[in-house]
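User: I have a structure open and would like to go through it piece by piece. Can we start with one of the helices?

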Amino acid sequence: MATYDLAIRGGEVIDPATGTRGRLDVGIRDGRIAAVTPSIAPDDARESFDATGHLVTPGLIDYHVHVYHGATYWGIDPDPVAWRTGVTTWVDAGSAGATTWPAFRDWCVRPARSRILAFLNIATAGLASATHELASLDNLDVDLCIRTIEANRGHLIGVKVRMGSPDVNPHGLEPLHRALGAAQAVGLPVMVHLGAAPPAIEEIVARLRPGDSITHAFNGNTMRMVDDHGTIRPEVARAWDRGMIVDIGHGAGGFSFLTAEALLAQGRPPDIISTDLHQLAVNGPAFDLPTVMSKFLALGMDVEAVVARATAAPAKALGRDDLGTLRPGAIADVAVFALDHGDHAFYDVRGNRRDGTARLRNVATFVAGSRLPEMAPAPPALWMAPSELQRLVAAAGHVPAGYRWPFGA
Ligand SMILES: [Zn+2]
């Protein structure tokens with residue numbers, strides 16, 4: 001009888017959590033990683049996948065997305081993206097609040113083939129509308145947020161608050177205080193969205209604890225981490241060195257090559273690379289996690305460093321040692337990538353272009369040992385129209401493999 005249900009053979013394994021790199025076979029049994037070994041005999045696995053010439057990594061964890069589709073402004077259906085990108089775990093960043101969480105759990109999270117964890121929005125309705133979820137403090141119910149998380153441990157992994165000026169106006173830091181109060185009570189982190197000041201980024205980061213994260217961290221807006229000369233703000237450096245997590249959350253407004261280059265030049269790569277994938281980002285220039293990871297390859301980071309920031313690092317932030325690794329015993333989420341060498345163009349949210357020589361292209365995606373089947377792309381929401389930048393990038397053909405423009409001619 002075969003020892004393994006599936007063997008992924010002949011690929012170059014990169015597993016930053018265990019420091020493993022080399023040409024190895026991965027054996028899977030009962031939905032778990034059973035072995036990572038130089039060779040699995042052909043008759044020792046019921047099924048085989050030939051990964052020769054490809055990279056084999058843990059299934060990716062996208063630490064900031066919006067996948068509450070059908071009921072919120074931003075939400076996309078994640079499965080039509082997962083199978084062609086290697087993402088096996090999505091972390092929804094506050095699409096649901098306490099009153100809209102049960103429908104998200106029952107109608108989106110549970111039916112999905114890929115895994116969904118979520119930050120609960122401190123605003124009870126979450127991101128049902130595009131903006132203004134914090135407009136009335138009546139809707140920032142700390143006690144209800146706490147009770148919802150306590151009743152849904154395992155799904156809910158923290159509290160989300162958007163601290164940009166249009167979101168918090170006129171309440172200043174009060175939404176952050178409430179999010180921190182709820183998170184503290186349940187022993188979980190807060191994720192803070194940065195955008196336009198006020199409040200000042202210094203006032204926000206000074207209040208964050210180790211494990212709390214800032215997202216859209218490399219934005220080019222007034223809440224950016226660097227000053228006008230590109231030097232990291234001292235208060236931001238202090239909070240980061242204290243254990244605050246710095247998350248990319250690319251999105252449609254949250255990623256600037258100029259900020260990224262300034263911070264990388266100061267030896268400050270991000271802790272986590274994520275997409276903030278949503279209705280406005282899934283058609284570029286963010287596109288998907290392999291694309292955002294490839295932007296950091298273009299900026300000079302190496303493959304192992306980039307893979308670590310989409311596997312081991314988010315798993316650690318989630319406190320999950322069974323995800324984001326190929327360690328025997330872990331859940332058998334595995335991604336297979338080609339590294340396409342050639343000329344590749346990438347854009348930030350302002351349309352700044354950088355050229356790179358390599359791009360990650362997903363070849364196969366396995367969730368708990370089962371390969372995700374090909375799915376047609378989901379149509380955009382009725383309220384979505386492509387931006388000028390999206391038209392430009394698509395017309396130039398600078399899109400991921402397998403991506404299809406959904407808006408018609
Ligand atoms: Zn977001």
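User: Is helix H9 mostly covered or mostly open?
Analyst: This is a predicted model. In it, helix H9, residues 289-298, is mostly covered, with 9 of its 10 residues buried.

User: Which residues of H9 are buried?
Analyst: They are Leu-289, Pro-290, Thr-291, Val-292, Met-293, Ser-294, Lys-295, Phe-296 and Leu-297.

User: S6 and S7 came up. Which sheet order are they part of?
Analyst: They belong to an open sheet of 7 strands, in the order S6-S7-S8-S9-S10-S11-S12, and the pairing is parallel. S6 and strand S12 (245-246) are the edge strands, each pairing on one side only.

User: Which residue in S11 is the bridge partner of His-193?
Analyst: Thr-215.

User: Back to helices. At what angle do H3 and H5 cross?
Analyst: At roughly 35°, where the axes of H3 (residues 142-151) and H5 (residues 174-186) come within 9 Å. The crossing of H3 past H5 is right-handed.

User: Which residues make that contact?
Analyst: H3 contributes Val-142, Cys-145, Ile-146, Ile-149 and Glu-150. From H5 come Arg-178, Gly-181, Ala-182, Ala-185 and Val-186.

User: What classes of residue are in the contact of H3 with H5?
Analyst: There are 7 nonpolar residues, 1 polar and 2 charged.

User: Why would residues three or four places apart in a helix point the same way?
Analyst: An α-helix has 3.6 residues a turn, so residues at that spacing face the same way.

User: Now the whole thing. How many helices and strands does the protein have?
Analyst: It has 12 helices and 15 strands. The radius of gyration is 20 Å, close to the 22 Å that the globule rule gives for 409 residues, so the protein is as compact as a globular protein of that length.

User: What share of the residues is buried?
Analyst: Buried residues are 52% of the 409.

Technical notes. Residues numbered from 1 in each chain as written. Predicted model: local features only at pLDDT ≥ 70, side-chain atom pairs only at ≥ 80, totals over all residues. Axes fitted to C-alpha atoms, helices over the stretch in contact; angles between N-to-C directions. Helix = DSSP H or I, 4+ residues; strand = E, 2+ residues; numbered from the N terminus. Left-handed = near helix turned anticlockwise from the far one by under 90°. Contact = placed C-beta atoms within 7 Å. Nonpolar A, V, L, I, M, F, W, Y, C, P; charged D, E, K, R; others polar. Buried ≥ 20, exposed ≤ 12 C-beta atoms within 10 Å, placed from the backbone. Pairing = 2+ DSSP bridges. Rg over C-alpha atoms; globule rule 2.2 N^0.38 Å.
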